Amino acid sequence: MSIRKSIIEMVELLSLPSKQIAYEKHVPIADVPAELICGFCDDLYHPKSETFIAEFSEDELKRMAHLYGLLSVAAKIPVQSVTDLQRCPEWRSVVSLAKGMSAHYKQNPAQSGRDKD
C-alpha cells in the first residue's frame, strides 16, 4: 500500500469519531487513543523523507504538519478510552482538521507531487 493511501485511510479514521469507537470496540486489548495518535505521528508521518514528500502537494504537507501538531498536543492528555479522548477540545480540533483533509483527499485521491495543488 502506498504511503499516500495509508495517510488517507488514517486521516479518514481520525475524521470519524464513530469509527474510532468501533475500532476500540473491536480491539479491546489495545490502547486505542494511543494507537490513533501513534498511527499517524510515528508510523506514517515522515516529513523529511523524499519518498513521503513526493506523494503530497505543498498544501497537503502543511495540513499534515498541522495535524501532527494537534495530535502531539492531544497525546499529552491522560485518557482511558476513545470516549474520554473525544470529550477533549484538543481532540475535537484533530477531528475537525481531519474532516477537511479527508474531504480534500476524496476529491484528490491520486494527486501527488509538490508542484500540484
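**Helix contact and cysteines in a predicted model**

In this predicted model, Arg-4, Ile-7, Val-11 and Leu-14 of helix α1 meet Glu-60, Met-64, Leu-67 and Leu-71 of helix α5.

User: By class, how many residues in the contact of α1 with α5 are nonpolar, polar and charged?
Analyst: Take the α1 side: Arg-4, Ile-7, Val-11 and Leu-14. Glu-60, Met-64, Leu-67 and Leu-71 meet them from α5. Sorted by class, the contact has two charged, no polar and six nonpolar residues.

User: How are α1 and α5 oriented to each other?
Analyst: Helix α1 covers residues 3-15 and helix α5 covers residues 58-74. Their axes come within 13 Å and cross at roughly 50°. Angles under 35 degrees count as roughly parallel, and 65 to 115 as roughly perpendicular. The two helices are therefore oblique.

User: Which hand does the crossing of α1 and α5 have?
Analyst: The axes of the two helices cross at roughly 50°. As α1 passes α5, the crossing is left-handed.

User: How many disulfides does the structure hold?
Analyst: A disulfide needs two cysteine sulfur atoms within 2.5 Å. For Cys-38, the closest cysteine sulfur is in Cys-41, at 7.1 Å, so it is too far for a bond. For Cys-88, the closest one is also in Cys-41, at 16 Å, again too far. The number of disulfides is zero.

User: Is Cys-88 buried or exposed?
Analyst: Buried means under 20% relative accessible area. Cys-38, at 32%, is partly exposed. Cys-88 has a relative accessible area of 12%, so it counts as buried.

How values were computed:
Residues numbered from 1 in each chain as written. Predicted model: local features only at pLDDT ≥ 70, side-chain atom pairs only at ≥ 80, totals over all residues. Heavy atoms only, no water. Buried < 20%, exposed > 50% of the residue type's maximum accessible area, 1.4 Å probe, protein only. Axes fitted to C-alpha atoms, helices over the stretch in contact; angles between N-to-C directions. Helix = DSSP H or I, 4+ residues; strand = E, 2+ residues; numbered from the N terminus. Parallel < 35°, antiparallel > 145°, perpendicular 65-115°, else oblique. Left-handed = near helix turned anticlockwise from the far one by under 90°. Contact = heavy atoms within 4.5 Å. Nonpolar A, V, L, I, M, F, W, Y, C, P; charged D, E, K, R; others polar.
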